[in-house]
Amino acid sequence: MNKQLETLAVNAVRILSADMVQKANSGHPGLPLGAAPIAYEVWAHQMDHNPADPEWINRDRFILSAGHGSSMLYSLLHLFGYGGLGIEDLKNFRQLGSLTPGHPEYGHTTGVEATTGPLGAGLGMAVGMAIAEKHLAAKFNREGYPVFDHYTYALCGDGCLMEGISSEAMSLAGTCGLGKLIVLYDSNSITIEGSTGIAFTEDVEKRFEAFGFQILTVEDGNDTEAIGKAVAQAKADKERPSFIKITTKIGYGVPAKEGRASAHGEPLGEENVKILRESLGWPEQEAFAVPQEVYEHYSTLARSGAAKEYFWQQMFEEYGRKYPELKAGLDAYYDEEAPFKLLDDEEFWARTGKAEATRSISGKVLNVIKDRMPNLIGGSADLGPSNKTVMNGEPDFSRTCPEGRNMHYGVRELGMTAVANGILLHGGLRTYAATFFVFSDYMKPMLRLSSLMGLPMISVLTHDSIGVGEDGPTHEPVEQLTMLRSLPNMHVFRPADEMETKAAWYSALTSLKTPTCLVLSRQNLPVLKASGKEALRGGYILKKESSDTADILFIATGSETGVALEAALKLEEEGISARVVSMPCLDVFEEQDKAYQESVLPKNVRNRAVVEAGSSVSWGKYIGIDGCYITMDEFGASAPAGQLFEKYGFTADAVVKRVRECFAL
């Protein structure tokens, strides 16, 4: 090993990172300067990856949980030759339309495995990736044919470990015995406000030991040989995930910044960048200039990665010949078109005509789907029996049963959602995560990342309104529908009966780039005879008006749809023409063409009323300045559900009275 060349290769990451931040006059140079040796050692000597094939299914994954250090990641991607990321791209760091945004974005920059920025999120997603690897290996590997045999590396900092999500995710990782998860802790004891000692004095290593991790320590973050030995030791333990604490100096190489908070989130300054070059003995004075021998070194490393994939491909071809059924099954796991077959599946769409809670209907649908989609894995935050999210007859995923499909996340909604994102990011699996709807508050930050990354994550959110009843206002969601609907690239389905619930599941499973929230009732809902596949359009006419023009138009969702229908029929008996529009998913309705939207919600009908036991904020666009809100804009109460619906005006008689008052009918 040419030590001098290795030092140049490490320093290339440091210099490029510092130059990027300086040119942008924005960014975080401290982490790259301190952690570059860690990243280099892992990427150069520990990871199996091929820059020429970033989608290789058996590649090792690297997640920069401390996403503010993005300039380091972009430097590595450039040097290794990922996606043609050139020097001009590095020069455009943090600029409009560049491939080098402020924090790494999945799907935007080739080689970025996850969108990270919210600290700790990357740790949760890394756990999901490790779970996916362990599950797929159990399903498909055979002796001598390790189709899935790769590691997940997550580089985190002090901030990641302060965030509560780290405890949720790491506790689960230890419980599940994720032996191929390696957490690299860039321990520099500095955050934005100064020394971590002002707010973070716990013994992190003991915490991770309690989680069930193997604990390893590297005292000198510049010692790549020691880092490599620690990673090798981590790999040797097949039963436990590993936590490697590596002591580094933030802002390394710049005396005025080294070990100081000011190194974290502001450019070094032109003079300090010059000093950095001198301190490191960097041979080039021009910004972004890298010696050709360094590029050649990284090119050699990239070819080594390509060779590893080549030998894997040889093994995989032989695997396909020896185990053709397994190979066909694996291909099906990666077939994005498979769920579309459900559209013509008679059993899936069969109507039972039974009044049931949509959570119960959803549970039955799930148990039809699971036999048609063997790559579906999922679970609940300790609420499986209540959420109806248990796949009957399927084993539970665990350290001793990694082939299990039922996940037990424990009471960890935030961590659960990050893990589910990681499962999807890994590839080959579809997944769902479940809890009570009111606790989607705990899921929100990671659901936001689902939307941002374009992951078709499915959230099953039950107990959707004051219908929760006796548990009271702490468990009765009010504003959550509006919260989730406000997310770009998110489908929020609140179905009203069996057929709408099936449509919601079909929409979720066939979505390729948009996550879906299924918002489901605790209480039984009536059968709507006119419901059906039209719900796939997000909104449709459930009951047409009796005359040429409707005197009033109701829009309703979920459990209130039946109430609106009953109110409309009462008004019809009095000669008032009423249309009822069921709107299970505003987001999907917005995706329909304008002609269809007009046919459902004609502009000439201005007397519009929305009936929904949730915040009024979602509805202004649809009911207009003259509209009538029959909504829930206060917290609920503790009482039987029927009493609460009566108290808050969600009965047919109360709706009729309200619209009469609003429109002088």
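In the predicted model, S189 is partly exposed, with a relative accessible area of 35%. This value falls in the partly exposed class because the buried class ends under 20% and the exposed class begins over 50%. S189 is placed in the loop that runs between β3 (181-187) and β4 (190-191). The phi angle of S189 is positive, near 60 degrees, although the residue is not glycine. For most residues other than glycine, phi is negative.

A positive phi of about 60 degrees is also found at H463, again not a glycine. H463 belongs to the loop between β11 (458-462) and α18 (480-485). H463 has a relative accessible area of 6% and is therefore buried, whereas S189, at 35%, is partly exposed.

At the level of the whole protein chain, the secondary structure consists of 25 helices and 18 strands. The C-alpha trace spans about 90 × 60 × 45 Å along its principal axes. The radius of gyration of the protein chain is 28 Å; a compact globule of 665 residues would have a value near 26 Å, so the two agree. Of the 665 residues, 62% are buried. Contacts between residues at least 6 apart in sequence were also classified by separation, and 77% of these join residues at least 24 apart.

The protein chain exposes about 24,900 Å², of which carbon and sulfur atoms supply 50%. The charges of the protein chain comprise 63 positive and 87 negative ones, and the mean positions of the two sets are 2 Å apart.

The largest nonpolar core contains 140 residues. Within this core, the residues with the most contacts are W43, M170, L181, L184 and I244. The element that gives the most to this core is helix α5 (residues 121-140), with 12 residues. Apart from this core lies another one, of 77 residues, which includes A496, L509, V580 and V600. For I244, when neighbours within four places in sequence are left aside, the contacts are I182, V183, L184, Y185, L216, V218, A230, V231 and A234. One of these contacts, L184, is itself listed among the residues with the most contacts inside the largest core.

Two further positions were examined individually. S362 is located in helix α14 (residues 358-372). The relative accessibility of S362 is 1%, so the residue counts as buried. Not counting residues up to four places away in sequence, S362 touches V460, T501, W505 and L520.

G427 is situated in the loop between α16 (413-426) and β10 (430-436). With 16% relative accessibility, G427 counts as buried, because the limit for that class is under 20%. G427 is in contact with L136 and Y334 when neighbours within four places in sequence are left aside. The C-alpha atoms of G427 and E133 are 9.3 Å apart in space, and the two residues are separated by 294 residues in sequence.

Definitions and conventions: Residues numbered from 1 in each chain as written. Predicted model: local features only at pLDDT ≥ 70, side-chain atom pairs only at ≥ 80, totals over all residues. Heavy atoms only, no water. Helix = DSSP H or I, 4+ residues; strand = E, 2+ residues; numbered from the N terminus. Buried < 20%, exposed > 50% of the residue type's maximum accessible area, 1.4 Å probe, protein only. Contact = heavy atoms within 4.5 Å. Rg over C-alpha atoms; globule rule 2.2 N^0.38 Å. Areas by Shrake-Rupley, 256 points an atom, 1.4 Å probe, with all protein chains shown as cover. Lys, Arg positive; Asp, Glu negative; His and termini not counted. Charge placed at Lys NZ, Arg CZ, Asp CG, Glu CD. Core = buried A, V, L, I, M, F, W, Y, C linked by side-chain atoms within 4.5 Å.
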